[in-house]
Structures are given as C-alpha cells and as structure tokens.
Amino acid sequence: MDPRCRSHPLASFLQTVRLTGALARIPRREFVYCSGWEDRTPFAALRARLHADPGWQVHDLPTGHDAMHEAPEAVAALLLGERTAHASTPRRQVCR
C-alpha cells in the first residue's frame, strides 16, 4: 500500500448531489475502465453501456482499481487528452 494513502472522506458518502442541468455543457465525457480486476469489478455493465453511447469515450486500462498507482503515465496521458500508441479507434482508446 502507498504510505501516502489517506482515509476516504466520510462527507463524500453523505453529501447529496445537486444536479444543475448543465450536463450538455461538459466538453469531454470519458470513462476509464480498469480491466485488470474484471472478475471483481462492479463497473462492467456501466462500461458496456457507455461504450455503446457515442457521447462518451471509453478507455480501457489493464490495471486493477488503483490505476494511478499501477500505470501513472497512462493515467496522466488520459487526463491530458493525449492519444496513445495503442489507440484502437478515433473514438475509443486502449492504453497499455
């Protein structure tokens, strides 16, 4: 475990989400799917749904849930909007 890890803030579980209707103004809708724990992930159905939606870009990282720790360069490239050498299509990319 990373010695810099901290407990998850309790407020993130208790505060309600306020929807403003500004969804249409979000410039990038991207989902990062960590496929390295596919036998345990609760996000497989969400990945399939978003992959079929043309309004989303779905990225697959072959990592466990802690992608920032396991593949920091790939995560940084995604955050910066950089294409990777392993991009599968213009709309979706797979980072390795």
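How many aromatic pairs does the count come to by the rule used here? Before I come to that, please keep in mind that this is a predicted model, in which local features need pLDDT of at least 70 and side-chain atom pairs count only at pLDDT 80 or more, while totals for chains, interfaces and linings use all residues. Residues are numbered from 1 along each chain as its sequence is written, and side-chain values use heavy atoms, with hydrogens and water left out.

The count comes to one aromatic pair, where rings of Phe, Tyr and Trp (its six-membered ring) pair if their centres lie within 6.5 Å, and planes under 30 degrees apart count as stacked, over 60 as edge-to-face and the rest as tilted. Trp 37 and Phe 43 form this edge-to-face pair, at 6.5 Å centre to centre and with 65 degrees between the planes. Trp 37 counts as buried because its relative accessibility is 13%, whereas Phe 43, at 34%, is partly exposed; buried means under 20% relative accessible area, exposed over 50%, and partly exposed in between, with a 1.4 Å probe and protein chains only.

Turning to the chain, we have four helices and three strands, running α-β-α-β-α-α-β from the N terminus; helices (H or I, at least four residues) and strands (E, at least two) are DSSP runs, numbered from the N terminus. Of the 96 residues, 26% are buried.

Finally, the largest pocket holds about 290 Å³ of space. Of its 17 lining residues, Phe 31, Val 32, Tyr 33, Cys 34 and Ala 67 are the closest to the centre. On a 1 Å grid over the protein atoms alone, a pocket is an open set of points where a 1.4 Å probe fits, with protein on both sides within 12 Å along at least five of seven lines, and lining residues have an atom within 4 Å of a point; grid points are joined across faces, edges and corners, and the volume is the space filled by probe spheres set on them. The largest share of the lining, five residues, comes from β1.
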